[in-house]
Amino acid sequence: MCLNRVRDVIPDEPSRQRAMPADRRARIAVAFLSIVMSTSNGAWASRIPDIRVRLSVSDAGWGLANTIGAGVNLAALAFVAGVLIGRVPARRLAMIGAAGNLLAMPVLAQTSTFGALTVGLIAWGAASCLMGIPMGALQIEVQRRYRRSLQGGFLACFGIGTFAGSGYGTLSAALGISVGQQFIGSSVVLLGALAVTARWLPHELTRPADTKRQPLRHRFTPQLQVLAIVAGLSQFITITLELWAAYYVATNLGGGATTGAATYTAMSVAGIAAALAADRIIVRFGDLTVFRIGTIVAAVGIGLGLIIDDIYAVAAGFVILGVGMACVGPTIYSFLSKQSTVPAAEAVSVIELGDNTGALIAPTLIGGLASIAGLRTSLTTITAAAVAMTLLGQRGSRSE
């Protein structure tokens, strides 16, 4: 949705002053959706070393399980994007997806076979698919109400959830708490908070007066195609880090499960700090400049970390990578806000399809390369993905 195109439907200043408490509650509720999704991601990523040891899963097998899950989830996402988005209210889809996410995790965490793991990953991913698109659309709606960029703040909330989840996972691993017990506790707490904040979500999304619901095939405008590719590359990096960062430090470098989880947590903290400053930096320097610098920093960080064969250098590389990637997410949505031909929810659905394609490719590619050339070599694909994003930034930033 183009922000300039909807200024005429924003209430006048007195009305806005009266509506501000509702706007603040909406912002809190939408931000909490990010926390719900990312807490599960961070907690899962931090306990992957324990889970893989328990199931005796190789790099190739781990990649296969996640690829199967991502493939089925991509089909589910196509259904959500093509059939549900634009017909079912975004807030309803987001609440169902969030609840499903929290209910699936305790079951997934206690799987004991490769088949059960795969089915659990499919269920978790399906809930995330149902949640992701409406959450992005609700973020754009809240940003429209505030008339300024809020994406850095939302990304920071996502990072806070990742940090909380990974920190909780690190502590649980150190104390010997089982993965299943860990997820039962976190899901109970988050479900209670979700019950309170869900009613604050926006009921309707503002649409430009001259736009209608677009069929899925008509949403792929030239700019959205590029942004979908950029989002896919970004998600490729994110998924690779979630699945292998802690494991690489714990196993390949001999750091142990606690050190691996702590490295992932440190990377998350660095990303939160960068995201909190992202909105102000974008205003000052422009979204394209911030995007380019972020992708270059990410490429350099992981490149140096993998070249220098030292656990501290690798940890520093992951932290630098986290800072760079934290600047990318807000700029993608900044680019998205410049297009005016596809309404917000439908435009976000294109980005989510790109996201999930990246999530589908990452496990197989990294797992396959790791089995052939080693995990360290396979992780160099992160650098290639970051460089490709840099080259695509100019085309993705153009207004339509």
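The model is predicted: local features need pLDDT of at least 70, side-chain atom pairs count only at pLDDT 80 or more, and totals for chains, interfaces and linings use all residues. Residues are numbered from 1 along each chain as its sequence is written, and side-chain values use heavy atoms, with hydrogens and water left out.

Helix α5 itself covers residues 151-175, 25 residues in number, and reaches 36 Å from its first C-alpha to its last. That reach is close to the expected 36 Å, where the expected span is 1.5 Å times one less than the number of residues. Serine 172 lies in this helix. Serine 172 counts as buried because its relative accessibility is 1%; buried means under 20% relative accessible area, exposed over 50%, and partly exposed in between (1.4 Å probe, protein chains only). Leaving aside neighbours within four places in sequence, serine 172 is in contact with Arg47, Ile177 and Gln182, contact meaning heavy atoms within 4.5 Å.

The protein as a whole has 14 helices and zero strands. Of its 400 residues, 56% count as buried. Among contacts between residues at least 6 apart in sequence, 88% join residues at least 24 apart. The protein exposes about 15600 Å², of which carbon and sulfur atoms supply 66%; accessible areas come from the Shrake-Rupley method with a 1.4 Å probe, and for residues, only the protein chains shown count as cover.

The interior can be described through its nonpolar cores, each a set of buried Ala, Val, Leu, Ile, Met, Phe, Trp, Tyr and Cys residues joined through side-chain atoms within 4.5 Å. The largest has 80 residues, and those with the most contacts inside it are Trp44, Ile237, Phe318, Leu321 and Leu336. Helix α7 (residues 222-252) gives the largest share of this core, 17 residues. Apart from it lies another core, of 23 residues, among them Ala31, Val36, Ala90 and Cys157. Isoleucine 237 touches Leu321, Met325, Ile382, Ala385, Ala386 and Met389, not counting residues up to four places away in sequence.

Aromatic rings come next. Rings of Phe, Tyr and Trp (its six-membered ring) pair if their centres lie within 6.5 Å; planes under 30 degrees apart count as stacked, over 60 as edge-to-face and the rest as tilted. By this rule there are two aromatic pairs. Tryptophan 44 and tryptophan 124 form an edge-to-face pair, 5.8 Å centre to centre with 65° between the planes. Tryptophan 44 lies in helix α1 (residues 13-55) and tryptophan 124 in helix α4 (residues 114-146), so the pair ties together parts that are 80 residues apart in sequence. Both tryptophan 44 and tryptophan 124 are buried.

Charges also meet rings. A charge sits over a ring if NZ of Lys or CZ of Arg is within 6 Å of the ring centre and within 35 degrees of the ring normal. The charged end of arginine 27 sits over the ring of tyrosine 146, 5.0 Å from its centre. Arginine 52 lies over the face of tyrosine 247, at 3.8 Å from the ring centre.

Leucine 253 lies in the loop between α7 and α8 (256-285). Leucine 253 counts as partly exposed because its relative accessibility is 22%. Not counting residues up to four places away in sequence, leucine 253 touches Tyr248, Asp309, Ile311 and Val314. The C-alpha atoms of leucine 253 and valine 314 are separated by 9.2 Å, although these residues are 61 residues apart along the chain.

Methods
Helix = DSSP H or I, 4+ residues; strand = E, 2+ residues; numbered from the N terminus.
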